[in-house]
Amino acid sequence: MDFRGHGFVSPPIVKPKKTNFVSQTVTGYHIGMRNLSTRSKGVQVHEVQRRKKYIYGVQGDEEDKGKFDNIESFMPDFSNVYASDLLPSQHGGEFTECFLLEVVDILLCYIRKTFDEKSKILDFHHPHQLLEGLDGFNLELSEEPEPLEQLLVDCRDTLKYGVKTGHPRFFNQLSSGLDMIGLAGEWLTATANTNMFTYEISPVFIVMEMILLKKMHEIIGWGETEADGIFSPGGSISNLYGILVARYKKFPEVKTKGMAALPQIALFVSEHSHYSIRKTAAVLGLGTDNVIEVKCDERGKMIPLELEENVLRAKRMGLTPFCVSATAGTTVYGAFDPLDNIADVCERHSLWMHVDAAWGGGLLMSKKHSYKLRGIERANSVTWNPHKLMGVPLQCSVVLIREKGLLESCNQMCAEYLFQPDKHYDVGYDTGDKTIQCGRHVDIFKLWLMWKAKGTSGFEVQINTFMELADYLYKILKKKENFELVFDGEPELSNVCFWYIPPRLKSISDEYERQQELQKIAPKIKALMIEEGTTMVSYQPHEDKVNFFRMVFSNPATKQSDVDFLIDEIERLGKAL
Ligand code: ABU
C-alpha cells in the first residue's frame, strides 16, 4: 500500500524485544506492523519473514551469513516510504526517526566491523564493475524517487564496497583511524549544517575556532603574540595560504596589480617537500620553475648550507627570493628539516619562513618528541593537520599565521551582502574575509570535542604510542632476513620505509637487473593485499630508490600484533614472487 499523501498516521515506536539481532546490529527500535499498513495478521507473518530477509539484506554481507537466523525483531517496512514522507512533511517525525535509526544501525554495524581485525578492510572491485552495478547496487541515478528501503540498502552497499580506514590494519595513508568522539562531532556538524563565514550563523563554532587557534599558537610557542589562522580544506590549501600571505607581505600590490607588477620571485623547498608547494606556485602564478628545490641529507632533511647557497645563487641570477617552505615531517621518510638553522637563513635574507607541519605537527603534543620541531616558533606561518597524527576525522587542517591581520588584508573583498560592517555584534568575529573561499565547512567541532574528551595529555599518549609502534617495527625489520630498511636510524616520525626482498632476488647478481625486479615487488604484494582485503600499506619509488613500502602509524586502533601481521602478510604474499 502506498500511504504517501493519504494522511497516514506515522507509527509509534515500541521499545524492542532483546534478540540476538538486537544485540548484534540494532539499537533496538521495533515498529508494530499495524501502524505501517492495514494488512491482515496472516500478511504480517509473511511480512516478518520478508523483514528478516530485508535485515540481512541491509545489514549483512558474506561474513554475516547465519548470524541472523533467530531474528524475531523486524524493522519498519520502508518499501513504500519515500523521502517526501520524512520531515518536514506534516507527519514525518516518526518516519524520520525510524529511518535515521536504521541509518545509525547500518553505521554501527560498519563501525563494529571496522574494529574487528578479522574483518576485511575492503571488498575490492574494479571501477568498471562499480559502473556496471554490483549485486543490486546500482550507482546510476533514477528519474523517479526510490523508496527508503532502497536508500538503506544503498547506504549499506556504499560502506560495503568502500575501505575501512579505521581498521587496525589500514596503514595506507597518513590519516587513518576512526575516533568515536570525532565521529560524534562530525555527525553533530552535519546536523547543524552551517557555514563558518559569519558569526551570525555559526556563533559557537566561530568562538571554538578562536579558542583552538589560540591553543595551537601557544603550543607552537607564539603564546605572547596576537597571532591568527584559519581552518582550511586540507594541508595543500593550508600551504597555499602560507605562501599566499608570504607573497602579500612582501608585495602587497600583487592583490590589485597581479604578478606583472612583481619581479621574478622565488620560493625554496626541500627536494623531499610535499608536491602541494609546487602546485601552489602554479596556482598563484609564480610558476613551478621558480620553486627551487634544495638538497637533502640521507634522512631527507633539507641541508641549510645548500639552502643559503641556493638563495645566493637565485639572487645572482636576478630572482627575488621571498619565502622558504620547510617541512616538519616529510610525507615519505617522515623527516624533519632543521628548523632553527633554516630560520637563521630566513632572517639573514629577510625571507618568510613557512613550515609545512601537516604530518609532523602532531609531535608538538608530545613532551618526548616535540624537540624535533625546535625552531617552529620562529616561523611566520605553519600548516598543521589534526586529521593526521591527532586522529581527527577528515578533514581538519589549519594554517597558523604569526602576524595578525595579514590573512584578512590579503584576502578581504568586503562583500556587502555578507560582511555588513554595521551588524549589531563585533564583526571581528566574522571570518569569511580571511579566506580564499566563500562558504567554509565546520571542521572545528570534532577537534574541539576530541580535545575535551582526551585532554592535551590524551593526544600526547596517542602520539607517543605511534612512535613506540614505529620503533617496534623498525627493530623487527632490522633483524629480519628478507627485509631491508631504506635508510638506517631510528624513526623520527612514525614512518618506516623498507623493501621486502623475495628469496628469488637474492640469486640475481647483476645489481641493475635486481633493482628492476625489486621495483615490481611492492606493487605486486600490494595488489594481492587489496584483492584479499587483509591489510593496506602504501609504496612508492623515491628519487633513485625503486618501489618500497612506506609504513606509517596514525591509527589508534593498531596494536603490535597488527604490526606482526603486516610483516607476516608481506612475507606470505611475497615469498613466491
Ligand atoms: N599529504 C597528504 C597525505 C598523503 C598520504 O596519506 O600519504
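Q: At roughly what angle do the axes of helix H7 and helix H14 cross?
A: This is a predicted model, where local features need pLDDT of at least 70 and side-chain atom pairs count only at pLDDT 80 or more. Residues are numbered from 1 along each chain, and side-chain values use heavy atoms, leaving out hydrogens and water. Helices here are DSSP runs of H or I with at least four residues, strands are E runs of at least two, and axes are lines fitted to C-alpha atoms, with angles from 0 to 180 degrees between N-to-C directions. The axes of H7 (residues 203–220) and H14 (residues 444–479) come within 9 Å, and they cross at roughly 55°.

Q: Which word describes how H7 and H14 lie to each other?
A: Angles under 35 degrees count as roughly parallel, over 145 as roughly antiparallel, 65 to 115 as roughly perpendicular and the rest as oblique. H7 and H14 cross at roughly 55°. The two helices are therefore oblique.

Q: What is the bridge partner of Cys497 in S12?
A: Strand S10 (residues 496–500) and strand S12 (residues 545–551) run antiparallel, joined by three bridges. In S12, Cys497 has as its bridge partner Arg550.

Conventions. Two strands pair if DSSP finds at least two bridges between them.
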